[in-house]
Amino acid sequence: MKLLYILVIVNLVFILLTHILGPEEYMKLLTGRFVWATDPDYKFKISSFLYFWRSPGVIGSPGNVGYFGLLTYLLFDQDEKYKKKSYLAIVLAIVGFVRSVYVVLVVYWMLKFLLTKKNLKTIKLGLPYIFSVVMLLCSFLYFKGALDLTSLFMRIDHWVNDIPVDFNVLFGGGIGEVGGAVRGEGFIATLDSYWLLMLISVGLVGIILQSAFIYEKVLNNQKIVYTLIGFLFAGLFVTLTQGISFLVLFPMLFIKKTESILNE
């Protein structure tokens, strides 16, 4: 946890450096050259979001920076010692400018807030005002381009027209033939949907078994349940397991702390 906290600070410093130096000088600082948007050898990525640069930090890509901040925050939020320091991880998750990360955060915060009796009473009283504020905020973000649906429609067109893999809806059968990990023959392009990847790979039966296995592990931990619901929605639009931050940190959410670990 201490290492994660240090890495959050380091990435925040380097993101600030990106905006001070600009993308070209920043990438030259890290790799010795500037290639937009992805360096073919070092795999460092940089892009823009509205008026901001989407910095790779020291991780290598904005997406991984965002998910590193998100998952670190979720880990800190379950730890009494680091809970008060979680605001730095939230900042890192936000300045990664990854919209699927925002989906997880919003769902997580909404469920934590809504599923408290005291808060439910407050919401009932202020519902008309809350609805108006949300509509105004969504309209503002849409006209600013933050809620632009172009990428969503591009994904849908991609899913409908660009996946020539035969699979069974119940049992999949296309495992290893789709996604960025394909080697040799197969559909190599990114699917941008974790659940579509799973549907093609292992089918509905596999998805149900996987979901049941994970749910059994978190049955008595409400915060992780809220987290998983957030990832359920985010997984509709991104391939979660394609990011190194997700692969490394997501399993840590399920580690149960014993007294011996806490004492150490």
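**Group meeting talk: helix packing in a predicted model**

K43 is exposed, with a relative accessible area of 52%, where exposed means over 50%, buried means under 20%, and partly exposed is what falls in between, using a 1.4 Å probe and the protein chains only. Residues are numbered from 1 along each chain as its sequence is written, and side-chain values use heavy atoms, with hydrogens and water left out.

Let me give the overall picture. Along the sequence, the order is α-α-β-β-α-α-α-α-α-α-α-α-α. Of its 264 residues, 38% count as buried. If we take contacts between residues at least 6 apart in sequence, 65% of them join residues at least 24 apart, and contact here means heavy atoms within 4.5 Å.

K43 sits in the loop between α2 (23-31) and β1 (47-49), and although K43 is not a glycine, its phi is positive, at about 65°. A second residue of this kind is F97, which is not a glycine either and has a positive phi of about 55°. F97 lies in the loop between α4 and α5, and at 11% relative accessibility it counts as buried.

How do α4 and α5 pack? Helix α4 (residues 86-95) and helix α5 (residues 99-114) meet at an angle of about 135°, with their axes 9 Å apart; axes are lines fitted to C-alpha atoms, for helices over the stretch in contact, and angles run from 0 to 180 degrees between N-to-C directions. The two are therefore oblique to each other, since angles under 35 degrees count as roughly parallel, over 145 as roughly antiparallel, 65 to 115 as roughly perpendicular, and the rest as oblique. On the α4 side the contact is made by I90, A93 and I94, and on the α5 side by V101, Y102, L105 and W109. By class, this contact has seven nonpolar, no polar and no charged residues, where Ala, Val, Leu, Ile, Met, Phe, Trp, Tyr, Cys and Pro count as nonpolar, Asp, Glu, Lys and Arg as charged, and the others, Gly among them, as polar.

Helix α5 also meets α3, with axes that come within 9 Å and cross at roughly 20°, so α3 and α5 are roughly parallel to each other. In this contact G66, Y67, L70, Y73 and L74 of α3 meet S100, V101, V104, L105, Y108, W109 and K112 of α5, and the residues divide into nine nonpolar, two polar and one charged.

Finally, α3 (residues 62-76) also packs with α1 (residues 2-21), their axes coming within 11 Å and crossing at roughly 145°. Here L4, Y5, L7, V8, N11 and I15 in α1 meet V65, F68, T72, L75 and F76 in α3. Also in helix α1 is V10, which is partly exposed, with a relative accessible area of 28%; the C-alpha atoms of V10 and G57, 47 residues apart along the chain, are separated by 8.2 Å.

How values were computed. Predicted model: local features only at pLDDT ≥ 70, side-chain atom pairs only at ≥ 80, totals over all residues. Helix = DSSP H or I, 4+ residues; strand = E, 2+ residues; numbered from the N terminus.
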